[in-house]
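Visitor: I would like to learn how to read a model of this kind, feature by feature. Could you take me through it slowly, with the general idea first and the case at hand after it?

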Amino acid sequence: MKAGSKAEEWGALGVVLLLAALCVLGAFLRAERAAAVFSSAPLGFVWISTALFLFARLMRGRLWAGVPGAFVAGAGALFVLLGALYGSEAGHRLAGRLLGWHKFASGCTVLAQGELTSRVADVKLERELGELPFALRLDGFQVTHHEPRVGAGAPAEGPPAEAPARVRNYEASIAVVRNGGRVRSDLVSVNHPLHYGGYHFSLYDYGDDGAYVVLLVKSDSGLTLVYSGFGLVCAGVFWACWAMPVWAFVRERRERDGG
Amino acid sequence: MSAMVVKADMLGGLIYAAMVAYLAAFVALARKRARAGGTLFALGCVLCLGAILTCWLQAGHPPLQNLFGVFLCLGALAYPLSVFWRRVLRVAGSPADALMGFVLLFPVGFEFQPDPVGLPPALQSPLLVLHVGAYMLAYVVLFKAGLQALTGLVGKGAPAEDGAVGPQEATWRLVRLGFPLLTLGLVLGAVWGKAAWGDYWQWDPKELWSLAMWLVYVAYFQVRRMFGERRPRLSSALVLGGAVVIVITLSWVNLARLFAGKHSYAL
């Protein structure tokens, strides 16, 4: 192995181990603080450097020459990184400045029953971020419960008790209004967010008696890249780890039978 | 965490019977009684499946909501996976597999409690079975890879059973079997997180441990790429490290308040 190639391979190992170590350290920070740390400028430098390094490795064809599946998985990882960078707050700010694409990366909107709103605040509802190019209205909200079962979840000793009813689902009926007219109406629930106008709206919180709901607003920018990356990573890994050994086994058996 | 409690019902009976069968299988296999050991190992698996079915019928959903269900299913997977890697991959260590099944069932029998009735809204998704199922398979296979790596590190490297490959080759085969499942579990979790929580990545402690685990195995592949079979101690140490991260992710991260997050319902 040439000295340059050797350094590149060691560099790749170093990057992977560095990222693993960062993940372990981040796990001790709790999600909110970890999100802030991993989105900070120094870590942004790490993400961009990793993406550039991965790109350089893919372009040099080293991964393809070794295991084609590794090349596909590497390309997938690059797609995920690029999509995540574009979908980040910084990515949205940059796209706004350079390309004039103005979107919120993420925020929250509070919808009161029957009232129209297009305002978006930060996720802590402390600072207003701006307005969506359309409005949303909460037409209804309900909480459904599982059927309570006698004895279920009761302590091992003592008489069977009726377990408290557990929440089955939260459902909000949301209307999208544009230029004064309703363009869409959807039932938004957990696992079923609303996708409209370049944003995903997910249930985040609700007020007493369903008087209002809070929707998490997430831009869909970069999501196609991320999901394509997921697909490529899976395809590459399954190709390299499962398909190639099975194919090698089949070929060997054919040659043996033929011989 | 609650005190150790004996389950005095049919479910408990099935679990304890499965534990006894696994322990007896371990003793028989360790004493080279392959036929008796295999039968007892299979019996333990059938009893586990009976416990899973009982939980499923009682709760009305697959028992994957908390650590009770997950460890019960992991215990049931020990036998079929052991048969698969012994026959197809020629990986040795059936006694250790039976013992692993017993160890996995121990907290199910004495520590964890069954799923409460009714899944919470976030878990009502077809991805529950796919995401958790992929991870469970990956965990068992990669933990076994960790045991093989440990055998390679402390032993002489000779296969323990006739026709079986050595520990280093066994580790390589098992990691190649488990890593795609680990990748699938991670990706499905991200896709599910987007639908349930609004984003595919939440910086949740369990997500970060899971990504760290995935990266440890990526590092193993990179070491194999760089050195082939020439640095067995380095590659074995990475796979052993991966197994340690599996144990941490599956137990400590779920049980410790230190790592409270979106996955806390797994308690």
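This is a predicted model: local features need pLDDT of at least 70, side-chain atom pairs count only at pLDDT 80 or more; totals for chains, interfaces and linings use all residues.

Visitor: Is Arg30(A) buried, exposed or something in between?

Guide: The reasoning here needs a cut-off, since a residue is called buried at 20 or more other C-beta atoms within 10 Å and exposed at 12 or fewer. Arg30(A) has 16 C-beta neighbours inside 10 Å, and therefore counts as partly exposed.

Visitor: Where is Asn179(A) placed, and how does its phi read?

Guide: Asn179(A) sits in the loop between β4 (167–178) and β5 (181–189) of chain A, and its phi, near 50 degrees, is likewise positive in a residue other than glycine. Asn179(A) has 7 other C-beta atoms within 10 Å, so it is exposed.

Visitor: How many helices and strands does chain A have, and how is the chain divided into domains?

Guide: Chain A has seven helices and eight strands. The chain is divided into domain 1, made of 39–98 + 222–252, and domain 2, made of 104–147 + 161–219, and the C-alpha centres of these two domains of chain A lie 33 Å apart. Of the 259 residues in chain A, 28% are buried, while residues 24 or more positions apart account for 52% of the contacts in chain A with a separation of 6 or more.

Visitor: Where in chain A is confidence lowest, and where is it highest?

Guide: Chain A averages a pLDDT of 88, and 90% of the residues score at least 70. Within chain A, helix α4 (residues 62–66) has the lowest confidence, with a mean of 65, whereas strand β6 (residues 194–196) has the highest, at 96. Over residues 152–156 of chain A the pLDDT is below 50, and this stretch has nine contacts in the model beyond near neighbours in sequence.

Visitor: What does the check give for helix α5 (residues 127–154) of chain B?

Guide: The 28 residues of α5 of chain B should span 40 Å, and the end C-alpha atoms are 40 Å apart, which agrees. Of the 28 residues of α5(B), 20 are buried, and the helix is mostly covered.

Visitor: What is the secondary structure of chain B as a whole, and why is the chain called as compact as a globular protein of its length?

Guide: Chain B comes to eight helices and zero strands. Its radius of gyration is 19 Å, close to the 18 Å that the globule rule gives for 267 residues, so chain B is as compact as a globular protein of that length. The C-alpha trace of chain B spans about 50 × 45 × 30 Å along its principal axes, and 55% of its 267 residues count as buried. In chain B, residues 24 or more positions apart account for 75% of the contacts with a separation of 6 or more.

Visitor: How is chain B divided into domains, and which helix gives the largest share of the side of domain 1 of chain B that touches domain 2 of chain B?

Guide: Chain B is divided into domain 1 (1–112) and domain 2 (123–267), with C-alpha centres 20 Å apart. Their contact takes 19 residues from domain 1 of chain B and 26 residues from domain 2 of chain B. On the domain 1 side, the largest share, eight residues, comes from helix α3 (residues 67–87) of chain B, and by class that side has 15 nonpolar, three polar and one charged.

Visitor: How many residues does each chain give to the contact between chain A and chain B?

Guide: The contact takes 40 residues from chain B and 43 residues from chain A. On the side of chain B that touches chain A, the elements giving two or more residues are α6 (167–197) and α7 (205–227) of chain B, and the largest share, 13 residues, comes from α7(B). By class, this side of chain B has 28 nonpolar, eight polar and four charged residues.

Methods:
Residues are numbered from 1 along each chain as its sequence is written. Chains are lettered from A and ligands numbered from 1 in the order in which they are written. Two residues are in contact if their C-beta atoms, placed from the backbone, lie within 7 Å. Helices (H or I, at least four residues) and strands (E, at least two) are DSSP runs, numbered from the N terminus. Ala, Val, Leu, Ile, Met, Phe, Trp, Tyr, Cys and Pro count as nonpolar, Asp, Glu, Lys and Arg as charged, and the others, Gly among them, as polar. The radius of gyration is taken over C-alpha atoms; the globule rule is 2.2 Å times the number of residues to the power 0.38. Domain bounds come from an automatic or database domain assignment. pLDDT is the predictor's confidence in each residue, from 0 to 100. The expected span of a helix is 1.5 Å times one less than its number of residues.
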